Amino acid sequence: MNHWIKSRNNQILLATCILMSMLMARLFFLTVVQGSDWSETARNISVKKLYTVAPRGQIYDRYGRVLAGNKPSFTVHFSAGELSDEEINREALQLIGILEENGDLYRDNFPIVMDGNGGFYYTFNRTIQDWLAAQGMPATFTAEQSFNEIRRRNNIDEGMDKYEAQSQLQTVYNIYPPISVKNMEFLETLELNSFLDRYYLDHDLSAKDAFLSLREQCQIDPSLPDSQARKILMVRNELAAQGYRRYIPATIAKDVSDRTIITIEERSSDLLGVDVVAESVRYYPNDNTAAHILGYLGQISESEKESYMEKGYSVSDMVGKDGIEKKYEEILKGRDGIKSVEVNAYGEQTRIISDTKTEKGKDVYLTLDLELQKTAEDALEQALLAIQKGGSFQSKWGNYKYGTAYSNANVGAVVALDVKTGDVLAMASYPDFNPNLFATGITKEDWQSLQGKNLRDPLSPVPLFNVAARTAVQPGSTFKLVTATAALESGLDPQRKLRDGGYVKLGRRTYGCLLWNRYKRNHGLVNLYEAIEVSCNYYFYDLVSNKDYSKGISLGLDRSMGIEKIMEYAQQYGLGLPTGIEIAETVAPVPTAEGKMKNTKSALRNVLFSRAELYFTKETIANKEKLNSYIDQIVSWTEENPSYSETLKRMKNVGLKEDMQDTVADLCKFSYYNMAAFTTGDELNISIGQGENAYTPLQMANYIATLANKGVLNQVSVVKGVEGKGALEKVPGTKMNITDDSIFDDLIEGMHRVASGSKGSARGVFGNFPVTVAAKTGTAERGGKINPPDEVEYVKKYLSRIDSRLRWSDVEEKMYSLMEEYPEVYQTKNSAVRQAVMLLSNGKVTAAKIDAYKADYDNFAWFVCLAPIEEPQIAISVLLFQGGSGGYAAPIAREIIAQYMGLDQAYTDYDLSTTITQ
């Protein structure tokens, strides 16, 4: 034994065994004898992570006045932590009860709702149904059917690529259907699928089955009623939405009351997963002011979640959805704070483990002048309200009486630019909205109040829409300055007098001045200055044609003078091109022969599809592929424009009913083939701002700024600089291809006469104004009829006047018959009811007769100007939808000029822009 002990290896082995025995004994003592005590201690101490959302960077005007700031608020967070399902469910129900008791709003993004009759539905599906109903489409429509119907309504070529069609809908027609063109699914359907995927549920699961499955997944007490279970699922859905970052607390309520804060603190031992944290929420101190420029915030949608979370966002974060808030989201967004604390069983903090402070987002400085913006918005609203009633525009510079009321003048826009820089000084659209509604999450009621009231009328008011940057319409006579520029550059002597012959006759149609069209009078002999002053259409017909129509001889201008040269100068003025502004804008290209041909072919294709049942045989309609082939064949003849006899001959072999071949031949030949190519009539219309011209108020303001700036086209900007990065670097302006800058002096002289001349259309507004102003009015004609919200109700109401022989019961029966027999052609009641009337009348009732009792669109009012003439500083454009005449918009511009020039300044500017370099 002694010999064994003396061995060093055996000594080490013995010592190891003794130590292991002691450790085992100690472990037995701690885990068995004192196990319950240590377990209780562990339960009494836990670690919590408190997240604080960083304040967003503020948005200032050019003088450092706050446009979008932050205000202190208290937010309720819920963290699952190490809580059991039972504890989560209990605390979630208690929390919602506290919030409801104190009248605080909470986030309800759980998309399964009870209908009150024991049933359930997905909110995503209800949103789709509501949209389809508002569009007058069947509830059974798929996303693809809906998209194709919208294409047809807007005459977008059936053969056009779906992505190109989507772009045209957005940029030309300002239509944004809630459809993913890539997947050809409703966006809400994709959101629903994402929600179901989160819980590994089948996509075809009913709302009720999904609800019951989630109750089971979350181990909710079966004895709880569904209404209470749903409150638990609301909270758990916010937690689950965090995805792989579920350790981050979910935001349940923002801007809660003091009573809620006190109650949660008092019951903290029962609400271990609940915390109230001090945060800042977005606040717009001027409410609606500059709303369309600033944009608004919104919760991250399911479709956006992945991309935002890759950037470190929480699903609970509010992000920019439009305007500057969206464009500069990653700059305005700060870095959130995280505090790790140790708490005991009562929820009391025992120590701070780590604390990462929040870091505020960077501030953004705009080029806007807050006071000028307010002036623009107030003047725009006052003018529209006064025009609707035929009232007066009240101003210290003189009241302006609107002699004729235009009740539909309820949409408008105004833009004011710095002539030398292209900076946006003010940009207003009416109606507008209060972005504060979105700061903590907008309610369904408020969201609904901001939607258009008549989705079938593209001109109906939509408060969220930025008319100034995103609505392109005909500019009317304000475009004549472009035509004059091309003519002057082609050698026109501005003093040369041309006789106004009253009208130009082309075939059966006449083109004349307003003076001729109304009173059969003319302006006599006029030079360029006088033609601009009185807005003589005839004079500009002479210019675009390079012809003195009254004498029947050439004007002798450069041979390049014509519509193509005018369009070249239109683009040099910035028309039909992006302005460069940082927020979203619409750009419609300048008119071209190719564009007109394409649009005509698209319109013909759509009209043939919409009247397929009337024109084509049943055998043809039954074979969709053959129908498409025949229609494509008919449309393909547009460029060839065959003679009428040849057109009629061809119609015998394209699947048409025998008694409809003459009708279709007439339609194609005289309404489409003959109209597809650029004609002299098109050139006359385009030269005076009608026809296929379409520009936004923003583009028009930049056009006038370029004219005032002696032909230097600046890139438009609404952002002055960003904190820490300094002022934005300006791109040098582009000089127009003009041989002599005196051309602009000639144009301004004519514009001066509009504002101050004895015959100027704006002399009543600027005649005694202390600032010299050069201006141009424009009255743009808007064709078509105002569609009512429901075509079926309209037809039912006026059926006896449309065709007294028809009975509504027969029309209704035929309508449903068409939709059932030809579902691919008549996908909505609105289209089917019209076709039913035409069929039952044996073709005697035309589309025009059906529309005869709908209201016409009133003319659009345009006004553009620059001031002061001696050294132009500001350029302004005003557009009033259905505002009657251009002069009606002039008082708005006068108020802006007065404010800008300091004529009635009552505030002090503080130039804080230097802070952007700090």
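**Backbone notes**

I started at Pro868, which sits in the loop between strand 30 (860-867) and strand 31 (874-880). I noted how these elements are set: helices (H or I, at least four residues) and strands (E, at least two) are DSSP runs, numbered from the N terminus. The model is predicted: local features need pLDDT of at least 70, side-chain atom pairs count only at pLDDT 80 or more, and totals for chains, interfaces and linings use all residues. Residues are numbered from 1 along each chain as its sequence is written, and side-chain values use heavy atoms, with hydrogens and water left out.

**Cis bonds**

I checked the peptide bond from Ala867 to Pro868. It is cis, with omega near -20 degrees. Next I looked up Tyr430 to Pro431. That peptide bond is cis too, and its omega is near 5 degrees. I placed Pro431 in the loop between strand 18 (424-430) and helix 17 (444-449).

**Positive phi**

I turned to Asn546. Its phi is near 55 degrees, a positive value in a residue other than glycine. I found Asn546 in the loop between helix 22 (537-545) and strand 23 (547-548). Is Asn546 buried or exposed? Asn546 is buried, at a relative accessible area of 12%. My cut-offs: buried is under 20% relative accessible area, exposed is over 50%, and partly exposed is in between (1.4 Å probe, protein chains only).

I then read Asn641. It is not a glycine, yet its phi is positive, about 50 degrees. Asn641 lies in the loop between helix 27 (624-636) and helix 28 (644-650). I logged Asn641 as partly exposed, because its relative accessibility is 28%.
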